[in-house]
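I opened the model to look up a few places and some helix packing. My notes follow in the order I took them.

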Amino acid sequence: MSNYKWRDSPDTISRLINANDIQTFANQQVMLKPNEVCVLIVDGKIGDILTETHLKSMAGGFSRWLGDKVGLTASDRRLLFAMSGPMDYWVPFEGQLSNGESAKGFANLRLKMNTEDVPKLLNYFANNAPVLDRNGLINIIRNEVIARVVTPCLASCSSAADLRGAAFLEQFEMTAEIEMRNLLANLGFTLLKSFPITDPTDMEMVQKHRATVEAQTTGTQVNTDAQIAHYAQTEAITLARIQMENNVKRAHAKGQVTVELEHDLKGLRAEEARWDAELNRDKGKMNLRVDEADAKAKRAMDMFSQVQERKADRVQNQNEFQNQRMAAQNELQSKMMEMAADHGALTPEVMAEFLRQQTAQKAVDNSKQVAPTNCSCGILMQPGWKACPGCGSPIA
Amino acid sequence: MIGTPIDALPYIRGVQLILSGYNGYAKGSRIETDKMVRAELIRAVTRVRSHMQNIFQSQFREGDMSCARAAKQCIEECDYLCEDINKAIAGMEHAFLSGQRSPSNKDLKNLIKHDHNVVEMVTKAVNLANQAEDLIAKADDDSKQHILQTTQLIASCKGFFAARADILSGLRKKK
């Protein structure tokens, strides 16, 4: 047993082989995967469609050779292998929009084959090589795709912008679903999905170039604006720094002036305090002096009062003494007068002498009395005072 | 030896009304039964797709893009379901030597019941698609509603079929 490989390239879609051409000593077997289908065509009839199975003794081998020689096997045995899973096919196209712009691109068709549809590939292999690959299928469907799908869809676009819209994609897909049904159904394919991919058109390139230039211009403008803003910012920063330095200097100078003023103010306040102190001191002194003067005046008044009292006492004593002396003298004189009268010696001369002595005695008594004087302050000074009680001036 | 569960017989009969060769995963023919069910599902979905393609083509040419879009959507759902069925897991033939355990009676019953439900659902979708095309031909306004219902059924069928993988995945590990 040897494994037969019907697919040697990822682009291979289907292959029709003639089992009679496989003349090997060992039997050929093939493992069919879920996306692989094998159609057995025996003596011109579609015998069976196999998938997901191990196909043993599909060709070759001694027993089959012997059967062929004896004539026990079918005279014509063909095997049609195909991929049933979805595959993408890129169909290049070139067309024109309604405004004359040319559009290039690819139409993507996603096709699959149903298991029962695989024998329809015989329609293809009837007139083509026994191997169908991706390019072969694209060559078959290309013209029809362009003629039935691409060209009408492009013609409905008024500008390149319409190519990029969802409506164009939907229209393309629906058109492909309808228009390609006939061809694909004949070949056994089922269209799952289709969409176009268009290259940028000339106008789009121009717009792209314009956008690029505008972007560059805008970028340059942005850079210029940024540079200008940078300069403005630098200028503002510099001005702010200068202003700040100026303010600092001003503040510094103002601070100095303030300090000086505060210093002067402090001096003035100190001077004021000193003046207050001196004033208080002078007031104190004056008060002391006034108090002292008051005390002196009081003392003087007290002394004056004492003097007046003493004087009054002395005057009273003197008066009393004089009175006593006068009374004694009078008594004496009376006694003497009586004695003289008793002795008869009371003559006019005696009387006259008596009167004269009495007068002289009075004159002596009166001479001892001093007349009061006035001080410079206006106070009447009494005899015997040592100083003026008003101004304290001493009396000579 | 595990035979066909008795209580699954009504479901087997139901499937056999549509799929004559269906025997409920009898011993020795389980792979073939699985392929048979999947082939029947693909056949039914392909019928739905054909109906929808006809509707799509006619409505697109008439300019009724609303119905055309709905039909296109249904076609795509059919393609998705076909691909799911084609590439679904099928279990293995030699359970003893593989990593799978042998299916139990309960597993078989679940599979049979599931097959019955999926076939029934996809049959309903075929009927709806047929009805939708018929309504299109009669210029009935309910045609779009039928198309959308068909799409909904196909989508449900897609999800329901995925549950089959869950049942089969329970066989993967030996207990």
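Predicted model: local features only at pLDDT ≥ 70, side-chain atom pairs only at ≥ 80, totals over all residues.

I began with Met381(A), which is found in strand S11 (residues 380-381) of chain A. For these notes helices (H or I, at least four residues) and strands (E, at least two) are DSSP runs, numbered from the N terminus. Met381(A) counts as partly exposed because 16 C-beta neighbours lie inside 10 Å. The cut-offs I used: buried means 20 or more other C-beta atoms within 10 Å of a residue's own, exposed means 12 or fewer, and partly exposed is in between, with C-beta atoms placed from the backbone. I then checked Met381(A) against Ile395(A): they are 14 residues apart in sequence and 9.0 Å apart in space, C-alpha to C-alpha.

Residues are numbered from 1 along each chain as its sequence is written, while chains are lettered from A and ligands numbered from 1 in the order in which they are written.

**Chain A, overall**

I counted 8 helices and 11 strands in chain A. Buried residues make up 18% of its 396 residues. Of the contacts in chain A with a separation of 6 or more, 68% come from residues 24 or more positions apart. A contact here means that the C-beta atoms of two residues, placed from the backbone, lie within 7 Å.

Which loop holds Gly100(A)? Gly100(A) sits between S6 and S7 of chain A. Gly100(A) is exposed, as 8 other C-beta atoms lie within 10 Å.

Next I looked at backbone angles. Asp43(A) is not a glycine, yet has a positive phi of about 55 degrees. I found Asp43(A) in the loop between strand S3 (28-42) and strand S4 (45-59) of chain A. Asp43(A) is exposed, with 11 other C-beta atoms within 10 Å. Glu52(A) is not a glycine either, and has a positive phi of about 50 degrees. Glu52(A) is in strand S4 of chain A. With 19 C-beta neighbours inside 10 Å, Glu52(A) counts as partly exposed.

**Chain A, helix H3**

Where does helix H3 (residues 134-155) of chain A bend? The bend is at Val145(A), by about 45 degrees. It is the angle between axes fitted to the seven residues ending there and the seven starting there. Val145(A) is also one of the buried residues of H3(A), which include Leu137(A), Ile141(A) and Val149(A). The buried residues of H3(A) pack against strands S2 (12-18), S6 (87-96), S7 (102-113) and S8 (131-133), and against helices H5 (166-179) and H6 (181-187) of chain A.

**Chain B, helix pairs**

I took H2 (residues 30-62) and H3 (residues 65-86) of chain B first. They pack at about 160 degrees, with axes 8 Å apart. Axes are lines fitted to C-alpha atoms, for helices over the stretch in contact, and angles run from 0 to 180 degrees between N-to-C directions. That angle makes H2(B) roughly antiparallel to H3(B). My classes: under 35 degrees is roughly parallel, over 145 roughly antiparallel, 65 to 115 roughly perpendicular, and the rest oblique. The contact residues include Leu41(B) and Phe56(B) of H2(B), and Ala71(B) and Ile75(B) of H3(B).

H2(B) and H4(B) were next: about 20 degrees, with axes 9 Å apart. These two are therefore roughly parallel to each other. Leu41(B) of H2(B) is among the residues making this contact, as is Val122(B) of H4(B).

Last pair: H1 (residues 9-18) and H4 (residues 105-137) of chain B. Their axes come within 9 Å and cross at roughly 40 degrees. That makes H1(B) oblique to H4(B). Residues Tyr11(B) and Ile18(B) are among those of H1(B) that meet H4(B).

**Between the chains**

How many residues does each chain put into the contact? Chain B gives 9 and chain A gives 6. H2 and H3 of chain B each supply at least two residues of the side of chain B that touches chain A.
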